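Trainee: I would like to learn how to read a fold from its parts. Please take me through one.

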Amino acid sequence: MANRHFDIVVIGGGPAGYVGAIRAAQLGYKVACVERAKLGGVCLNWGCIPSKALLTNAELMEKLSHRDFFGLKIEGDIGFEWDKVIGRSRDVAGKLNQGIHFLFKKNKIEHIEGNAKIVSGNTNGKKCTVEIQDCEVNEEFTPAPAKPGKTRETITCDNIIVATGSVARELPGAPFDHDRIWGAREAMFNKEMPKKLIVVGSGAIGMEFGYFYNSFGSEVTVVEMLDRILPVEDTEVSKAMEKHYKRKDGFNIKTSTITTKVEKTKDGVKVTVAPFKDGKADESKAETIEADRVLVAIGVKGRYDGLFDDSLKLETFKDHIKTDYVPNNAVADEHYDYKTNIPGIYAVGDVIGPPWLAHVASEEAIICVERIAWKAGKLNHEPHPIDYTVIPGCTYCQPQVASVGFTEQALIAKGLKKGEDYEVGKYNFQAHGKAIAAAHQEGFTKIIRGLPHGEILGAHIMGDQATELIAELTLARRLEATSEDLIATVHAHPTMHEAIHEAALASEGKLIHG
Ligand SMILES: Cc1cc2nc3c(=O)[nH]c(=O)nc-3n(C[C@H](O)[C@H](O)[C@H](O)COP(=O)(O)OP(=O)(O)OC[C@H]3O[C@@H](n4cnc5c(N)ncnc54)[C@H](O)[C@@H]3O)c2cc1C
């Protein structure tokens with residue numbers, strides 16, 4: 001049988017891969033998407049979406065624990081059925097996974113189940129070639145270990161887009177064991193709720209799971225090597241979140257603390273931690289913490305093990321596939337093709353590096369496909385590039401955290417001075433009508449505007465609905481709106497959005513409610 005040939009083969013069916021495949025099909029390409037696990041990738045099946053289902057349950061638990069305050073009469077303790085809590089989150093993931101199957105059919109995308117191995121790019125007159133192998137994937141285990149088997153089929157194509165995502169990093173000497181040393185998959189899908197949980201790493205994933213388990217009654221200890229939680233956020237946000245969480249029952253935070261050892265005990269884990277300063281652990285002050293489970297959430301690296309034949313000599317960069325896009329160094333309005341060093345092969349999403357976010361992965365895939373089409377004369381205008389300085393980042397515990405643009409520390413590090421180069425406007429939710437009515441007074445909105453023009457350099461929100469509110473400021477920054485534009489925009493009353501109006505007013509010294 002002759003090899004099947006496609007215009008574009010996308011490897012990976014996550015938010016990068018499936019979105020790229022749909023866009024390519026819309027542009028008239030004959031497309032195949034090879035996925036060895038479930039369509040929807042980590043995001044739909046093991047990340048963004050099911051974790052938000054769990055967090056919705058957590059918020060409800062937390063609200064009900066204040067039932068007296070809300071004037072509700074519910075006798076006895078509020079109980080829960082753990083398997084239903086977890087089950088609802090799995091059902092949500094399942095529903096969305098089916099949605100992608102439907103979209104593939106609608107767009108006539110060939111969904112190929114199996115492991116992809118790239119054996120050729122467009123080198124020396126060859127076509128891009130991909131072997132499809134039978135594959136067993138242990139999806140419930142972090143990091144979804146895969147066992148490729150025999151090659152079932154070999155397909156060719158004009159271009160390959162690699163969208164194979166990322167895998168969780170492990171602590172040295174403490175590999176994930178699907179029992180006591182957890183990654184996100186075990187935290188999301190387990191039979192029993194741990195009474196005591198240690199979370200190593202206080203980024204979005206660590207804080208979200210910490211909040212979830214604590215809301216259901218687990219005693220949680222978050223261990224963070226850096227000097228503040230949510231270290232990518234503005235310092236004011238990190239500090240306010242730490243203050244809030246330290247006040248919570250059964251929630252402990254240890255910053256500037258490194259995890260030096262994880263031992264498994266008969267029933268749980270013993271984690272040794274030590275103060276961490278100037279890149280060094282102070283072992284003389286080490287202590288051990290015992291718990292039922294430890295969740296390791298210390299970041300990710302690209303997933304491309306065994307994906308490329310060695311003869312292709314793939315270039316990598318800091319554990320990710322190297323493309324013409326250089327993470328953390330991106331400049332506004334720079335065009336990237338997301339090309340690897342192998343002709344005809346592109347890579348997008350988590351596999352090419354930070355920011356490891358679903359919305360970034362999807363956008364990269366769209367731009368990558370559109371640039372292929374534009375260069376082939378299928379699109380009559382050059383696609384707008386992603387502005388990597390305008391990417392919203394969100395953490396969905398309560399209070400939520402969301403931000404876009406520069407932190408104040410990043411501006412100071414660039415040599416900018418408050419009062420000369422930028423001004424800050426801050427508005428607390430303590431006095432905010434809608435926040436008081438909704439009993440969500442914790443938090444604030446902080447807007448940093450440039451001087452003298454007032455452009456939005458950065459915006460940082462901690463509080464209820466922060467992850468929705470950030471869209472207004474993302475658009476403002478994208479459109480180069482100024483604080484004056486935000487002020488001149490009439491905001492509905494009563495809404496949390498009024499806080500953005502007030503913070504913009506505050507940045508010009510005109511705060512009304514405060
Ligand atoms: C707990 C958790 C919560 C998260 N929450 C958020 C959030 O709220 N917001 C957000 O923006 N991001 C969130 N993320 C991150 C988000 O999930 C990722 O950024 C996103 O999934 C990356 O998309 P991707 O398409 O690059 O990769 P993935 O979603 O990882 O998809 C890659 C796919 O490729 C497949 N694959 C890999 N190798 C092969 C191969 N050789 N052959 C065939 N198929 C292969 C894999 O099976 C996988 O399905 C979260 C992540 C986690 C773990």
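Mentor: Start with the domains, whose bounds come from an automatic or database domain assignment. Between the centres of domain 1 and domain 4, taken over C-alpha atoms, lie 36 Å. Domain 1 covers 4-39 + 93-168 + 300-375, and domain 4 covers 399-507. The assignment also gives domain 2 (48-87) and domain 3 (181-296). Note that this is a predicted model: local features need pLDDT of at least 70, side-chain atom pairs count only at pLDDT 80 or more, and totals for chains, interfaces and linings use all residues. Residues are numbered from 1 along each chain as its sequence is written.

Trainee: In what order do the five strands of the open sheet stand?

Mentor: Terms come before the order. Strands (E, at least two residues) and helices (H or I, at least four) are DSSP runs, numbered from the N terminus. Two strands pair if DSSP finds at least two bridges between them. Here the order is 21-22-25-24-23, with antiparallel pairing. Strand 21 (393-395) and strand 23 (422-428) are the edges, each pairing on one side only. From one strand to the next, the twist averages 10°; axes are lines fitted to C-alpha atoms, for helices over the stretch in contact, and angles run from 0 to 180 degrees between N-to-C directions.

Trainee: How many bridges join strand 21 to strand 22?

Mentor: Three, with strand 22 spanning residues 401-405. Cys394 stands opposite Ala402 there. Strand 22 also pairs with strand 25, over five bridges, and Gly405 faces Gly458 of strand 25.

Trainee: Is strand 25 mostly covered or exposed?

Mentor: Count neighbours. A residue is buried if 20 or more other C-beta atoms, placed from the backbone, lie within 10 Å of its own, exposed if 12 or fewer, and partly exposed in between. Strand 25 (456-462) is mostly covered, with seven of its seven residues buried. Six bridges join strand 24 to strand 25, and Phe444 has Met462 as its bridge partner. These two strands form a hairpin with five residues between them, where Gly454 in the turn has a positive phi of about 90°.

Trainee: What lies across strand 23 and strand 24?

Mentor: Helix 13 (498-507) does, running at about 140° to strand 23.

Technical notes
Two residues are in contact if their C-beta atoms, placed from the backbone, lie within 7 Å.
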